[in-house]
Amino acid sequence: MSSARKLPGVCRAVRFRHFRSRSVSRTSPNLAFVPACLPPDPMEVEELQRFVSNSKRLFVMTGAGISTESGIPDYRSEGVGLYARTDRRPIQHAEFVRSASARQRYWARNFVGWPQFSSHQPNTAHLVLRDWEKLGKLHWLVTQNVDALHTKAGSQRMTELHGCTHRVFCLACGDQILRSELQEHFEALNPTWKAEAFGVAPDGDVFLTDEQVHNFQVPACRKCGGILKPDVTFFGDTVSREKVNFVHERLAESDSMLVAGSSMQVYSGYRFALAAREKQLPIAILNIGPTRVDHFASLKLNSRCGELLPLIVARDPTS
């Protein structure tokens, strides 16, 4: 689709292909941050199979629940999400922009957490969706996640709705660098700085005390001296109108919608479920726990994405 190449926010995932693993093995899932649930019910498997089989141009939206099986915690899961485990909350966009101390705290925590966060690999669910794309079953994938796992899995027909932590840009001049490159700058500026982490947060950072981050040095943009920010939509910020319109166009080309691993509590993603309902598209939900879309979904399944999706047989809709 040629229109995809006209939108920077959509084709960035294609640019950093070196993140993509060509031989990702289907390893055992990491269930430390996955809520308890029963194995898939055979009747539910049949229902989802029927839903996918009837779909010719499937629009898929994923959320944090698809990446918990890769060992990345989410915010809202009952008992194991960040909100359930701690009283900590993610940084707000306005706080990051206006406060140098907030940026110092954010980047210090992110610096410590980056080696582990960037090493996470796609799980079976990511690989299944990649395969559906190759078969022509999946028309477009929209992820609310910022972890690059869909890109690592090999997905290409994709929009990263909230951006990606593997990219960093300057708020002043817009210059963009890889997060891995910034890690080297951090190391050069802080050769003797060390900190022990107290727990892991969903978006790549860890828990540190104010005392620990006090002497951490944060680099400025090398081109203009401006503020560096991860290329993600922080809480309190909005997704660009250009990107939202692009996703609406892809949804308009689709004949059904599957939500995988998301409670759809955030409006930036929920709006597309509302649009799908308005277009009278069938909607299937695969998520452990209730979602904002349950009351108008055609099908609701309470299972792990990595356990149920591999049971579904997808075929080329044109064959």
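The expected span of a helix is 1.5 Å times one less than its number of residues. Keep that in mind for the first stop, and remember throughout that you are looking at a predicted model.

**Stop 1: helix 6**

Select residues 124-135. This is helix 6, twelve residues that reach 16 Å from first C-alpha to last, close to the 16 Å expected at 1.5 Å a residue.

Now zoom in on the start of helix 6. Show the side chain of asparagine 123: one of its oxygens comes to within 2.9 Å of the backbone nitrogen of alanine 125. Then jump to the other end and click glycine 136, which follows helix 6 and has a positive phi, near 90 degrees.

**Stop 2: what covers the helix**

Is helix 6 mostly covered or mostly open? Mostly covered, with nine of its twelve residues buried.

**Stop 3**

You are left with an open sheet of six strands in the order 3-2-1-7-8-9, paired in parallel. Select strand 3 (158-160) and strand 9 (299-301): they stand at the edges with a single partner strand each, so one side of each has no neighbour in the sheet.

Go to strands 1 and 2, which run parallel and are joined by five bridges. For one of the bridge pairs, select methionine 61 and its partner in strand 2, valine 142. Bring helix 6 back: helix 6 packs on the sheet, touching strands 1, 2 and 7, and its direction makes about 145 degrees with that of strand 2.

**Stop 4**

Select residues 283-286, strand 8. Ile283 and Ile285 point one way, Ala284 and Leu286 the other, and all are buried. In a regular strand, side chains alternate between the two faces of the sheet.

Strand 8 pairs in the parallel sense with strand 7 over four bridges. To get from strand 7 to strand 8, follow the chain through helix 11 (residues 267-278), a right-handed β-α-β crossover.

Finish on leucine 286. What is its bridge partner? Alanine 260. Leucine 286 also stands opposite leucine 301 in strand 9, and strands 8 and 9 pair in parallel over three bridges.

How values were computed: Residues numbered from 1 in each chain as written. Predicted model: local features only at pLDDT ≥ 70, side-chain atom pairs only at ≥ 80, totals over all residues. Heavy atoms only, no water. Helix = DSSP H or I, 4+ residues; strand = E, 2+ residues; numbered from the N terminus. Buried < 20%, exposed > 50% of the residue type's maximum accessible area, 1.4 Å probe, protein only. Polar contact = N/O pair within 3.5 Å; in protein donor to acceptor, adjacent residues only side chain to side chain. Pairing = 2+ DSSP bridges. Contact = heavy atoms within 4.5 Å. Axes fitted to C-alpha atoms, helices over the stretch in contact; angles between N-to-C directions. Right-handed = clockwise from strand over helix to strand, strands pointing away.
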